[in-house]
Each structure stands twice: as structure tokens, then as C-alpha cells.
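Subject: Structure handover

Hello,

Here is the structure for your files. My notes on it follow below.

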Amino acid sequence: MSLEVPDTTETDEVPERTPDELAALLGDLVIDRDDHLNAPGFVIRPDAVQETLSRLKQEAGYDHLSLVTAQEYENRYESIYHLKKFDDPTQEVSVVVPADKDRPVSESGEAVFRTADWHEREAYDLIGIEYDDHPDLRRILLPETWQGHPLSMDYDKDRPQIATLPEHANPLADHHRDAESDTMFLNIGPHHPATHGVLHLKTILDGEQVIDVEPDIGYLHRCEEQMAQSGTYRHQIMPYPDRWDYISAGLLNEWAYARAAEDLADIDVPEYAQVIRTMGAEMCRIAAHMLALATFALDVNGDFTATFMYAINDRERVQDLLEDLTGQRLMFNYFRLGGVVWDLPEPREEFFSKTRDFLDQLPGSVEEYHDLVTANEIFQMRTIDTGILPPAVAKDYGATGPVARGSGIDYDLRRDDPYGYYDELDWDVVTEDGCDNYSRLLVRMREVEESAKIIEQCVDLLEDWPEDERTIQANVPRTLRPDDDTEIYRAVEAAKGELGIYMRADGTDKPARFKIRSPCFSNLQTLPEMANGEYIPDVIAALGSLDIVLGEVDR
Amino acid sequence: MGTVQLFPEFVSETLGLSGVLGDVVGSLVAAAVVGNIVLAFTGVAGPWAKRKITAAFTDRIAVDRIGPFGLLIIPAAAVQLLAKELIVPEGVDRPTWDLAPLVLPASALLGFSVIPMGRLGPVNLQIADPEVGLALVFAFASIASISLVMAGYASNNKYSMLGGLRAVAQNLAYEIPLIVTAMSVVIFAGTLQTSGIVAAQSDVLFSVGGFDVPTWYAFVNPFAFVLFLTANMAEIGRNPFDIPEAPTEIVAGYQTEYSSAYFVLFYLGEFVHIFLGGAILAVTFLGGASGPGPESIGFIWFVVKLWGFFLFTQWARSALPRVRIDQLIEIGWKGMLVLSFANLVLTAVIVGVIA
């Protein structure tokens, strides 16, 4: 397989290298080719990861390490570094790093891309590959006392995990008590009003100022990847994505799986279904951003703020529309490979008018939020110039979505790597240059308006759609068995950023490897960059502005 | 001012007692009545009014299941809160930890002893009227910070500690502007006696269409009123200055480790402090118990002003973001302090030159 030929006008600016040019660039670092459906793949020497990544980043412009996938084969281990360009995400390349079956070690890419830190820790945790030169290689999702690596082949799942409480690291252990210094160690979470789920921040304070903060995740880990690997492509995987980012962003998540699986199995989606998908996805985005606004107000204003209830009210209206559309309020399970499960609810007129009512009142609501929240001087005092995330740092950490766009990075997969019906519609990508908590909030609020524009155009299209052309699903075989040894990595723009799925087919009806690229996982990694040196309230605000969902971070 | 009969004197006279016995019995009865009035306000405010008011601001309904308008939630909540287990964490510093929840409501209730709450029929609801009344009430109210520090320090919890430290920093930063602004009122009134300050606000400032606008200091010096109101919000720790407990930042600050009856005492203390803040505001700027109608219903006006202030605090809580600790200190020391002294000097000059 070769690179897709980009056909959009924006991509002209970014010079694209052919696979052969890339091979020439990498020279003798490459030992083999292992192309994926989405990108050329180069198998490189396990001790040349940094050299390879840095050449691709510096000289070929692949500045976005989207995901690190690790997996085990019968005869080897393998880490795949999925690289993209922030300027043109359709230009992709996969760096495949094999590792020895008996002693799986390869070089860490952390020195080139900071985001590799957490991704490689996860690979170590779940698969068991060790990364040389990694600054802090320890488990990330599972407890530090865990025995074995659950996604490796020889993992014995029946072996009881016996770890007594004293074996766990004590956060109050002596090494935090430094007689010389004035610092104080503070556990924020896992049970704390502002951690948006079960997140644990190990914080070191000097008075009220934060010297260091380290997120400790994994409390909500459910091994979603393993669950997807034991489900069939056609029917059994689709319900799971709803449970990653469960803040009503379900359809956006479902689309990530649908897009990857449809490209893997070469399924075309009827245009009518694409319009419905686009409309539903943008409704989910509004619901998710409303909740982000609501909880951010909770973090900054205090827990009896009117903004919270107002935003929840608006979210409720979208939620009603989604309920009409999908029959569900949270776990939609509405997409099918090749389309959606059913057509718009009857009577269609009622659904359309309800949707239009919502769209009509939305500008008023947004105006009210601007009056109540963003125009408030105390709010501006609290959020402007706090939680600074410079664009270069954001890219280094693989931050995407509103977090990246709040730092002025003009990156949105809906436009840059078009799918669904987005490229047929008239809307804009929102960016703000402030790089602070305020900008990230503003991006979300403006994106709500853009989403409303998209929904309105979809409703217009759907209203006039001829009755005999309303095909909601393509003809898809009951059982899908993609070709053996085909691999694909595909991403969509979910509410929090780039949500990607990597799948490897082995000729059966279930994926041999299913890897989720969670935007929250990468975004949360930037927290120490924003928080160090700030006050506790700013850390809380920065965390709120990242808008993480722990269900997606931990999967 | 000796013409007005105070509440304890009224009681002893009605009972026909005199001398020391009359003083003691009269004071006890009067204190019990005033204390219970304030506690009753708190009882209504805490479990019911606060919920209803916040709900009205945030598009909700709140308690409406038990009794008319959900009013029976008050006894239900009382039973529920007191029936909870009192959890004493390991390593707390007793008896400091036990005393802190008593000091907070006590300090606020003491403050009410010198507040002229106005007349209800023949009764003048004021327990004592010393020469230094206003200074005394500030002194009583300030004891509250000691309670918060005690709780923060004794709880053996880092969040409590942070909350206690924040409380001290906040009180230091705002007590001074508060008192300096109150002094400008004293310059106007020429007395520290609370009844005297109220009496000085009973003249007519000007008349609009037959309606007399009184010389309440809120009308005479609106600038000082706004300053005082802001400092007062910080003093009682309400939004946007609720940082000693700031739930989304430091869990619940100094009261993190308190449960059951101790928690109730803290909660109670906070509410009594809100009402005391309202009472001080009413006395110094809103003409105390004065209002339209005969003097004998003054108490009703006083209650209206107290609840008006309470409503204001809840409104602020629903609408305003919370400032950060360093911003709070900055506003206090660099802003409020300067403004309050400017106000004081200006007032002194105006009063000295004109009056």
C-alpha cells in the first residue's frame, strides 16, 4: 500500500515525500518495509528509534507522534510509532520497531517526542516491552504490584493478583519528607471534588504554589482494548466506544471505530447515512462542550454556580434530540459498519422542528454564557494567562482538539483529514492564540456555534432528501473477515481531540490487535507543563480546561 | 441615649425583679430570646432557604417533597445531621479539635448582644448598649478566625491546614479595610455606640415627591457602603471570597475532617456570621431597624434587612467566580486598604469642614 493521494487544496503547501524518498532519508536504519493501509511502514533497528524519529521529525516534517502501538507476535514483539504532520495529517508514516521475543527491548522515543513517555509506559505495562533510555519506565494503568502484562501472549489471567496493602507505595513515605526543604506533599484525589472522575495528582507544594504535579491514572482502567479484541468486527465492538468518553460524546467515539473498520474492510457508507452521522456527531460535540463549560465553571466559580445548571439545561436539550435519534441518552450504539442502525425518527417533521428550535435558542444561550462567564472580570483574572501551554510544547505532547486549538494550532481532522460529510459543508475551524485556560474555554464555546452551523446544514439536506434514496446502511456481509496481516490506523476529531483506532486483522472475524489512541490521554500529559509554578486553584482550573474524561484516559 | 429601655431591663421590670437578681434574670432571658431568634433564622436558612434561593438562581426546584414548600426538611435535616456518626480522625489535636466548632458560633452569637434589632411592640430588642458597641462587635466577630485556625491546625489534614492558613490571611487582609471603613461612619455619627449610630441615621437627607430619603449612611456615602459590603463578604468568607473552604480546590478547607454535630456547629457558625455581617451592615449603613411605619414594627424591618443581605450573599455565590488566594490578598492590601483610608480621610475632611 502506498500513501493516499491528498486531494484537498490545503495540503499543497506541505511538501510530501514519497515512500522511496523517506526510505532514502532513513538509509540503513531501515531493515524492512511493513506498509499499513493508511501509511508506509518502515521496520527499523530497535536501537535506532531516536535517530529515525528525529530524522523524520526534523527533516521530513512529521511533527506529530499520534500513537505508539505495542503488540506481540508469535515470534517477536513490535512497537509502532504512528507519525503525522500537524499541517497535514493525511501524510502519515509508521515506524515499526521489532523487539526480541525473549528479551523485548527497544530504544525509547521519548527524547524526540515527549508524548512517547506515557505511551511507552502503557506499552510496557500492558504488553511488556522495555524501552531503553526511557526516563521513568514503570506501570501507568495497572497497580505497581501487578504480576505479568495482560495483553502479552503468555499472560495467565487465572493467576490471582495477590498484593497486600503494605506492598503499595505509601504516598506519605519518608522520601517526601525533606527536612531541608519547605515543600509539602499533597494528594489531590483520587477522591477530590475537582478531579472529574478518579484521577490522582501527586502534588508537591511550596506554600500554595505547585512545585511539581504528577498525574496518576488507571483507576478506571477496564481493558477496553482487550474487550474489543474479543468481539467481532461486525456487531460486537460498536457498543464499547460509547464507554470511552462517556460524556455524551458517544457517536464521535463510534465514528472512530466505524471509520477504521470501514477502511479496513473496504466498506462504502451511503451519503444519506454520512449526513445523519455528521449531524448526530455534532450534536454530541455540543453536549460534550456544554458539559466542559459547566464543569469548568464549577472549578472556577465554586459548586453552586448558576452556569453549571444553565449549561446542563442546554445539554439536556441536545440529549433529548439524541434520544429521539438513537433511542438512547448516553450509550447510543447507533452507528453500524456501513451506516447507521435506523433512519430519523418518525414523524420526521417533528424531529426537524425540534432540532431547529434548539438551534434557534442556542445563540441566546451562548450569549448568556459570554455575559455570565467569559465577560466576568473576576473570571478573566482567574483564567487569562494561567495554565499556559505554548504551541511547541502542545505539539511535543501530541495535544489535540480544543487544547491544541486553544494554543493556536490550526489542526482539526474534520477539515484536514476529511471524513463523513464535513468537506461538503460550510464551517470554520476555531483557534485562539492565548494558550491559556481562557482560550481553551473560548475555543469550546465557539465550536458549539460551528457545530450548530453544521447541524443546521445537515437538517436542510435531510429535509429535502428524496424518499427513495434514503439508504441508511450499505450492504455489509454478516461476518467480516479482513485480509490476514492488514493493519490500519485511522483517527477522527472527537470532542476532546484526535481519537484514533489501530487495528490489525489476522483473517478471523475479530481484530488481532485493537489499540485506542485517546485524546485525553495525551492531553492530560501536558498538565505538569501548565501547572508547575502556579497556585493550587490554577492547577484545578488547568485540569478543568483540559476537559479530560477518565473513562477515555484509562480505557 | 439613656431614654431607651434595653431588653433585659424590660424583662426584669415586667417580672417585677430588681437589683442583681433582676439584672441576671433579665439578661439571661433576653440573651435566650435573642439567641433563639438568630438560631431560628439559621435553622430556616441552612436546610431550607439557602437551597430554595440557590435553586431559584440556577433554574431548579430544590426541596419540595416534605411539608408545604418543603419546609419540613428543616426538622428532617436536623435529625439527619445529628444522627450521623461523629468521626474523629486519628491524630487530631484534642481538645483544640473539639473546641473549634464551639468557638465559631459562639463568637457570632456574642456579636448580636450589642446589635439594636429594633422594637417589636413595647420591647426594644437590644441586650446591651455599651459606649464602645461597634468596636465590641468587630472584636467578637474576629474571634471567628481563631476558630478556623484551630480547626485547620488540629485536624491533622493538609487541606484543613491550607484552609486555616487561607482564613488567617484573608481575615488580616480584610478586617482592616472593614474597620477603617466603619470608622468613617463613626466620624459621621460621632459615637461608637450602636444605638447612637442608628439614631444618627434618622434625619431626612432629602425629599423626593413627598417621600423622605433618610440619612442612612448608604445614601450619604455610597462609596463607603460598597467598600464595606465587599470587605464584609470577605470577612464572612462568601463568594467571591469563599477561599478558606473553596470546595473544588481544597475539598472543604478547615472543616474537611468534621462530621455530624461538629459539622453542624461549623455550618451554624457560618450562617450566624452571615447574619451578623448583615446586622453590622444594617446598623452602620442601613439605618438599623428604621423603615416606613411606626417605630414599634422596627424589628420587622431589621429582619428584612438581614435576609436581604443573606439573599445578596447567595446571589453572589450563584453568579460570581472565586478569586485566587494571591489575588484576594492583593485586592485586600493593595486595593481595599488604600481605598478605605482614602475614604476615611475624605470623610474626616468633609465632616471637619462642613459640619
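UniProt positions are quoted in the numbering used here, with feature names shortened, and annotations may be inferred rather than shown by experiment. With that in mind, the unreviewed UniProt entry lists residues 43-158 of chain A as "domain: NADH:ubiquinone oxidoreductase 30kDa subunit". Please note that the model is predicted: local features need pLDDT of at least 70 and side-chain atom pairs count only at pLDDT 80 or more, while totals for chains, interfaces and linings use all residues. Residues are numbered from 1 along each chain as its sequence is written, and chains are lettered from A and ligands numbered from 1 in the order in which they are written.

Annotated regions

Helices and strands below are DSSP runs numbered from the N terminus (helices are H or I with at least four residues, strands are E with at least two). Residues 43-158 of chain A are 18% helix and 28% strand, with 35 Å between the end C-alpha atoms.

For chain B, the unreviewed UniProt entry gives "transmembrane region" for several stretches, including residues 20-45 and 298-316. Residues 20-45 of chain B are 100% helix and 0% strand, with end C-alpha atoms 37 Å apart. Residues 298-316 of chain B are also 100% helix and 0% strand, and there the distance between the end C-alpha atoms is 27 Å.

Sheets in chain A

Two strands are called paired if DSSP finds at least two bridges between them. Five strands of chain A make an open sheet with mixed pairing, in the order β1-β2-β5-β4-β3. Its edges are β1 (30-33) and β3 (64-72) of chain A; each has a single partner strand, so one side of each has no neighbour in the sheet. From one strand to the next, the twist averages 25°. β3(A) and strand β4 (residues 77-84) of chain A run antiparallel and are joined by eight bridges. Gln71(A) has Glu78(A) in β4(A) as its bridge partner.

Helix α3 (residues 116-126) of chain A lies across β3 and β4 of chain A, at about 10° to β3(A). Axes for such angles are lines fitted to C-alpha atoms, for helices over the stretch in contact, and angles run from 0 to 180 degrees between N-to-C directions.

Another open sheet in chain A has three strands in the order β13-β14-β15, with antiparallel pairing. β13 (487-493) and β15 (511-517) of chain A are the edge strands, each pairing on one side only. Neighbouring strands of this sheet are turned by 15° against each other on average, direction ignored. Strand β14 (residues 498-505) of chain A is joined to β15(A) by six bridges, and the two run antiparallel. Tyr502(A) has Lys515(A) in β15(A) as its bridge partner.

A residue is buried if 20 or more other C-beta atoms lie within 10 Å of its own, exposed if 12 or fewer, and partly exposed in between, with C-beta atoms placed from the backbone. In helix α5 (residues 250-265) of chain A, 15 of the 16 residues are buried. The helix reaches 22 Å from its first C-alpha to its last, close to the 22 Å expected at 1.5 Å a residue; the expected span is 1.5 Å times one less than the number of residues. Just after α5(A), Asp266(A) has a positive phi of about 60°.

Gln50(A) lies in helix α2 (residues 49-58) of chain A. Gln50(A) counts as partly exposed because it has 18 C-beta neighbours inside 10 Å. Contact means that the C-beta atoms of two residues, placed from the backbone, lie within 7 Å. Neighbours within four places in sequence aside, Gln50(A) is in contact with Glu107(A), Gly109(A), Ala111(A) and Val112(A).

Gly121(B) is in the loop between β1 (119-120) and β2 (123-124) of chain B. Gly121(B) counts as exposed because it has 8 C-beta neighbours inside 10 Å. Gly121(B) and Ile297(B) are 176 residues apart in sequence, yet 6.6 Å apart in space, C-alpha to C-alpha.

Contact between the chains

The contact takes 28 residues from chain A and 26 residues from chain B. On the side of chain B that touches chain A, α10(B) gives the largest share, four residues.

Regards
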